[in-house]
Amino acid sequence: MTESATTATETPRSDRARATRTLTVTGLNHALHDGYTDVIYVLLPVWQTEFALSYGLLALLRGLYAGAMAGLQIPVGRIAERIDGKIILIAGTALSALGYLFAGFSGGIVGLGLALALSGAGSSTQHPIASAAVSRAYGKTARGPLGIYNFTGDLGKAAIPALTSVLLVIMTWRHTLLLLALAGLLVAVCIVVWMPAVGRSAASRTPAASHREGAGGSGFPWLLAIGILDTAVRMGFLTFLPFLLRDKGASLPTNGFALALVFIGGAAGKFTCGWLGERVGTLRTVLITEGGTAALILSVLALPLMPAIVLLPLLGVMLNGTSSVLYGTVPELTPPHRTERAFALFYTGTIGSGAVAPVLYGVLGDALGPSLATAATAVTALAISPLAIVLARHLADDPATA
């Protein structure tokens, strides 16, 4: 075999190995940060007892973390256009870990709030940088890997709060936070050791260099609108689900079990729908998931308790599945050197929607009742379909438009 033939064989293998390392490390990092985000719910009752906090102050603590995370994603995306994303991801992960370390040493509500804001600021780096890294590593075949990446976040949401609950039984909450901080610093070390570079210089060496330079860029606002509405449907429905099941006769443990079924289905949806979108296209996948979401929400409203609970895992698949398809479409509508900025804008919009939508649907629920407000989430899901049809016109390579 000639030297040139050997090089041609080894280069794709090297690219695949780099892509696999990128997905593995960013997936681990995603699990950590999503776990950091949701573990606060486990700690709020502990902090209420420790510091004698009102519910308003507890909500403020959660809001400080979420606000710092959401508000800094766009600036992070802009910084990543000048600095290698790997460096930003390392710094952000270490900062999140240090935030929990400082929270463990905090002596009052002010120190705790500042520590959580610091941790949230560190987590703002994770979504835009890691998503762009996976996108660049896999190029035009990034839909499936992005679905896997999003799936790992759900694993972190399940594992870290559950582990924290166990640790709180055998040690103080301060020592528990020190262990969480140590885990975050270890993940930062993993990024240093194993993750390839993801900055602009890396883009020229990865398959993402074949992406269309700005083609379809005018379709990004439609994609963002779909993402905002999709998140609103998901958060609105989850807001009312416990009350709907209670009215059907569900006990508190049954409600908890039902929510677990939705979340399990949601994790599966993120994993499978990224794969599905890669094969049948964005348009068909969104039509399937949003149409299925609307039909299943209306079915849950109409059915008795047990049949409704049986449908919840499938409903979870539909509720969460669209998000993986949308994440995978962001790079197709963005020039490679703007990928981090596009992901930052997209995540900011969806996270903001997740914060605002429950309030809006809650007002609707007060006016019309939970059943009609839940039906409104199904109508919102159906409203996404025409937006997806418009979006498909900007996706020349989408199998559904071929």
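**Entry 1. Ala302**

I looked up Ala302 and found it exposed, with a relative accessible area of 67%. I note here that the model is a predicted one. Ala302 belongs to helix α12, which covers residues 282–302.

**Entry 2. Helix α8**

I counted 22 residues in α8 and a span of 32 Å from the first C-alpha to the last. That is close to the 32 Å expected for α8 at 1.5 Å a residue.

Which residues of α8 are buried? I listed Trp173, Thr176, Leu177, Leu180, Ala181, Gly184, Val187, Ala188, Cys190 and Ile191. I looked down the axis of α8 and found these buried residues within an arc of 165°, so they line one face of the helix. On the other side of α8 I found Leu186 and Val193 exposed.

**Entry 3. The nonpolar patch**

I checked the surface for nonpolar side chains and found a patch of about 390 Å². Val189, Val192, Val193 and Trp194 make this patch. Is Trp194 buried, exposed or partly exposed? I put Trp194 down as partly exposed, because its relative accessible area is 48%, and the exposed class starts over 50%.

**Entry 4. The largest nonpolar core**

I looked up the largest nonpolar core, which has 35 residues. Trp47, Tyr100, Leu116 and Leu177 touch the most other members of the core. I also asked which elements give two or more residues to this core, and got α1, α2 (55–71), α4 (85–105), α5 (109–123), α6 and α8. Of these, α1 gives the most, with nine residues. Leu177 is also one of the buried residues I had listed for α8.

**Entry 5. Salt bridges**

How many salt bridges does the structure hold? I recorded six, and I looked into some of them.

I began with Arg174 and Glu50, which form a salt bridge with the closest N and O atoms 3.6 Å apart. The pair links distant parts of the chain, as Arg174 is in helix α8 and Glu50 is in helix α1 (residues 3–51), 124 residues apart. I have Arg174 as partly exposed, at a relative accessible area of 24%. Glu50 is partly exposed too, with 42% relative accessibility.

I then took Glu340 and Arg136, whose side chains meet in a salt bridge at 3.1 Å, N to O. This pair also links distant parts of the chain: Glu340 sits in helix α14 (residues 339–368) and Arg136 in helix α6 (residues 126–138), 204 residues apart. I noted Glu340 as buried at 1% relative accessibility. Arg136 is buried as well, with a relative accessible area of 3%.

My last pair was Asp230 and Arg234, where the closest N and O atoms of the salt bridge are 3.1 Å apart. Both residues lie in helix α10 (residues 220–247), four residues apart, which is about one turn of the helix. Are Asp230 and Arg234 buried or exposed? I wrote Asp230 down as buried at 3% relative accessibility. Arg234 counts as buried at 12%, because the class takes in values under 20%.

Definitions and conventions:
Residues are numbered from 1 along each chain as its sequence is written. This is a predicted model: local features need pLDDT of at least 70, side-chain atom pairs count only at pLDDT 80 or more; totals for chains, interfaces and linings use all residues. Side-chain values use heavy atoms; hydrogens and water are left out. Patches are made of residues with over 30% relative accessible area and no salt bridge: like charges are joined within 9 Å, nonpolar side chains (Val, Leu, Ile, Met, Phe, Trp, Tyr) within 5 Å. Accessible areas come from the Shrake-Rupley method with a 1.4 Å probe; for residues, only the protein chains shown count as cover. A salt bridge is a side-chain nitrogen of Lys or Arg within 4 Å of a carboxyl oxygen of Asp or Glu. Buried means under 20% relative accessible area, exposed over 50%, partly exposed in between (1.4 Å probe, protein chains only). The expected span of a helix is 1.5 Å times one less than its number of residues. The arc is that of the directions from the helix axis to the C-beta atoms. A nonpolar core is a set of buried Ala, Val, Leu, Ile, Met, Phe, Trp, Tyr and Cys residues joined through side-chain atoms within 4.5 Å.
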